[in-house]
Amino acid sequence: MMGMPRGGRLFLATCLCSLFVLVLYFQSITKPEPPLKSGSRPAKSRRSPLQTLYKGDQVQLSAAQKSLQGRRELLEQACLSHTRKRRVLSPEDLKHLIVDDKHSLIYCYVPKVACTNWKRVLMVLTSDGRYTDPLAIPANEAHVAGNLRTLSEFSVAEINQRLRSYLKFIFVREPFERIVSAYRNKFTRSYNTAFHKRYGTKIIQRYRTDPEPDALEKGNDVTFREFVQYLVDPRTQREEPFNEHWERVHSLCHPCLIHYDVVGKYETLEPDAQAVLRLASVEGTVQFPTSGKSTRTDGNMAARFFKHISPFYQKKLFNLYRMDFMLFNYSTPDYLRTR
């Protein structure tokens, strides 16, 4: 380096420093939780949630806790089996991880998996009394940027500390049911004009033969078949990232790089949510809202939508979301026709 010009030495030093920080960051993210030292106690006068969930008397564990334990183990096994390359996460990758410093929680929100209600709950927990009832918080307010802090807003050292010590949880859903739910919400509701303009007009222009001028202008009558074509078209992701409402869970929350302590499922939403609140010792402070939807997207509804999708596109869509099926232990739908 002595014979190198001063500018070159500075550039090399900067690169080495940046590399060191990224390696340190990666190691801390993928490092498992350190064991509690003998005789030491958690900062709060209670068992830590991780001890409660994973270090308690196995005989005394509830059925819900055992189920959560099993999911975490299956996820770790699937990650080992199906992922080969590891990469370093950037702050951009952490924008879906919401932080509650008061209760030492990190929640990765996945749209169309009860994320509005989870954001409401976290607004109650972090508001210092301003909010007390999750359902009193309007849905649009729950999604306002700035109401909740995300992990991407912290420094590298602060990110590492929280990833090592906080209870990290995620809620997932059967991938095809989530896709149908996203389609129904964003393309069949008259009030979602922003999505119609932003995505609907492009989809109709690209995949509809001889579209009507009104459809090209408004984009408000996208069919499910056209939506599927848009998802599996390689041009879509080359032009821009998927919208978060149909982005794959593993791309939003990075479950093979971040070790989630709890993997909740939409199919068992209420008991899983209660388990998380109990682990955080806030079950007496806030209740997770129960769903009052009468037209909830389930497997039967998804089957009706996919009935009109050709085997060719069904197979392409399944391959696109295959990793979510495998990582979260979802079976191939019975209605799928891939031949």
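Which helices each supply at least two residues of the lining of the largest pocket?

Modeller: Bear in mind that this is a predicted model. Three helices each give at least two residues to that lining: H4 (115-126), H5 (139-142) and H7. The largest share belongs to H4, with five residues.

Now the pocket itself. The space in the largest pocket is about 1,200 Å³. Its lining runs to 43 residues. Nearest the centre lie Lys-112, Cys-115, Thr-116, His-143 and His-245.

Follow H7 next. This helix spans residues 175-187. H7 meets H10, residues 224-232. Their axes come within 11 Å and cross at roughly 115 degrees. The crossing is right-handed. On the H7 side, Ile-179, Val-180, Tyr-183 and Phe-187 make the contact. On the H10 side, the contact residues are Phe-224, Phe-227 and Leu-231. Seven nonpolar residues make up this contact, with no polar and no charged ones.

A cavity is also present. The count is one cavity of 30 Å³ or more. The largest cavity holds about 30 Å³ of space. Its lining consists of Arg-173, Pro-175, Arg-178, Val-249, Asp-324 and Phe-328. That lining divides into three nonpolar and three charged residues, with no polar ones.

The sheet comes next. Five strands form an open sheet, in the order E3-E1-E2-E4-E5, with mixed pairing. Strands E3 (149-150) and E5 (262-265) stand at the edges, and each has a single partner strand, so one side of each has no neighbour in the sheet.

Strand E2 covers residues 105-108, and strand E4 covers residues 167-172. The two run parallel and are joined by four bridges.

Helix H13, residues 269-279, lies across E4 and E5. H13 runs at about 170 degrees to E4.

To return to your request: H4, H5 and H7 each supply at least two residues of the pocket lining, and H7 also makes the contact with H10.

Methods:
Residues are numbered from 1 along each chain as its sequence is written. This is a predicted model: local features need pLDDT of at least 70, side-chain atom pairs count only at pLDDT 80 or more; totals for chains, interfaces and linings use all residues. Side-chain values use heavy atoms; hydrogens and water are left out. On a 1 Å grid over the protein atoms alone, a cavity is a set of points where a 1.4 Å probe fits but cannot get out, and a pocket is an open set with protein on both sides within 12 Å along at least five of seven lines; lining residues have an atom within 4 Å of a point. Grid points are joined across faces, edges and corners, and a volume is the space filled by probe spheres set on the points. Ala, Val, Leu, Ile, Met, Phe, Trp, Tyr, Cys and Pro count as nonpolar, Asp, Glu, Lys and Arg as charged, and the others, Gly among them, as polar. Axes are lines fitted to C-alpha atoms, for helices over the stretch in contact, and angles run from 0 to 180 degrees between N-to-C directions. A crossing is left-handed if the near helix is turned anticlockwise from the far one by less than a right angle, and right-handed if clockwise. Contact means heavy atoms within 4.5 Å. Two strands pair if DSSP finds at least two bridges between them.
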